[in-house]
Structure formats: structure tokens, C-alpha cells
Amino acid sequence: IDTFPPDPTNSTSASFTFHITEAGSTFECKLDSGAWGSCTSPKDYSSLSQGSHTFQVKATDVAGNTDATPASFTWLIDITAPTVTDFKINGLVKPGIVITNSAVTITWTATDTGGSGIDHVELWRAPDVGGVPVGWGQVGANMPPGTTSTTDLPPAEGAWWYGIHVLDKTQPAKNCITEAGGHCGGVTSDSLDVRPSKGPLVVVFDNIPPVVSFDIPPTPGAG
């Protein structure tokens, strides 16, 4: 087998190319538990289901000798994004608003539901403009699978929104889900939509102490 699909992948199509050195040979192909059938290279499949699949191909030469050990390739199709089941900042959940003068602790629980496994988690942050997040951007480096918390210090006073992206291991584009249940890469919908929204959450950062001032009344007769 010369070419084959990525493993794991979120594509429900697959294409295989293969060759044999004996001229005049013919091929038979088989997918999973299906029957062997005559085929040529390339062999294409479409509308495949989620899960593990195995492609096999064998050759028969002009003398009628058939390959006793077919070439095979097994790969995983994952068309379900991960799921965020919990998202908190300093222990508060949506729609709580965290008011702080120091770094905040963001915690979450995320599960892989398609079989490929979680590849990494990203922390995202955006300033609040008129009660909505504007200009989301990733904060820091990608966090490895198994990470369930991180800390962040807002860059300036004011209100800031926080969320996460959870990405699985599929190729060519990883399936991605946000804490709000929105798709952010890979498949644009899946069988688990609509997921319960766990965020985003707002942090109001205030690290400037208040200043007390008062007016001293003029001394009677002064001036």
C-alpha cells in the first residue's frame, strides 16, 4: 500500500493506492468485514462511519497464484469533538462574575468522546466591550492532555472574558470544542450537539487601591 488516509482522521472518505511488481496481476480489495471484490488503484471509499476501519488488498498473478498475506492498513475515524463538562474560575461557574486584584485560577473537566484522544487544551481571553467579549486571543502555550487547571493575571484593569479550546488528535484539522459548546475546528457539528454551555466567564480585575480625600473647610476669619 503506497498511500493511505491519516490516522486518526475526521474525514469520512479514504483513498488508497497500491502496486504489484508482476505485470498482468489483478487486485482484490476488502474493507472491514465486507467481501473481497475486484479493484484497481486508487481505491476510494466515502461516507464511512466513526470508528476503526481496516482496508486489505491482495494480488493474483497471471498464473493464478494469490497473495497469502494481503497488505492491510487500519485507521480511526473520529467525527465527534471533545466535550467540556465543567469550567470554573476561582471556583465560580457561569454566570458568576469573579472580582479580584490578583491572578485567577481557571479549572475545567474535558473528555474525549470520539476515540482519538485529547491532544491539548488552550486558554483564551478577551477584553469586555459593552458587555460582550471582543478580540479573543490565546493566552500562553498549549497545555498537554490531562491538564485541568491554570492561572492567569489579567493584563490591565477592567473586565475580561475567559474560555478554553479543547482539541483532539484528528488530522488534517483537529476537532475542537469551546467551554460554551461551540465548534472551533475540525468538524462543524456532531452527534453531541447541542452541548450545555459552561462559559465563558467574566473576571473584573481591580488592582488599584482606593484613594481617600476630603476638603478642609477654611478657618473662620482667615484670608
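Cys184 is partly exposed, at a relative accessible area of 30%; the partly exposed class lies between buried (under 20%) and exposed (over 50%), for a 1.4 Å probe and protein chains only. The model is predicted, so local features need pLDDT of at least 70 and side-chain atom pairs pLDDT 80 or more, while totals for chains, interfaces and linings use all residues. Residues are numbered from 1 along each chain as its sequence is written, and side-chain values use heavy atoms, without hydrogens and water.

Cys184 forms a disulfide with Cys176, a disulfide being a pair of cysteine sulfur atoms within 2.5 Å. Their sulfur atoms are 1.9 Å apart. The link is left-handed because the torsion about the S-S bond is about -80°. Cys176 is buried, at 2%.

The count comes to 2 disulfides. Cys29 and Cys39 form a disulfide with sulfur atoms 2.0 Å apart. This link is right-handed, with 70° about the S-S bond. Cys29 lies in strand E2 and Cys39 in strand E3 (residues 37–39), so the pair ties together parts 10 residues apart in sequence. Strands (E) are DSSP runs of at least two residues, numbered from the N terminus. Both Cys29 and Cys39 are buried. In sequence order, the bonded cysteines of the protein chain pair 1-2, 3-4.

An open sheet of 3 strands runs in the order E7-E9-E13, with antiparallel pairing. Two strands pair if DSSP finds at least two bridges between them. The edge strands are E7 (83–89) and E13 (149–152). E7 and E9 (residues 104–111) are joined by 6 bridges. Thr83 stands opposite Thr111 in E9.

Note on methods: Helix = DSSP H or I, 4+ residues; strand = E, 2+ residues; numbered from the N terminus.
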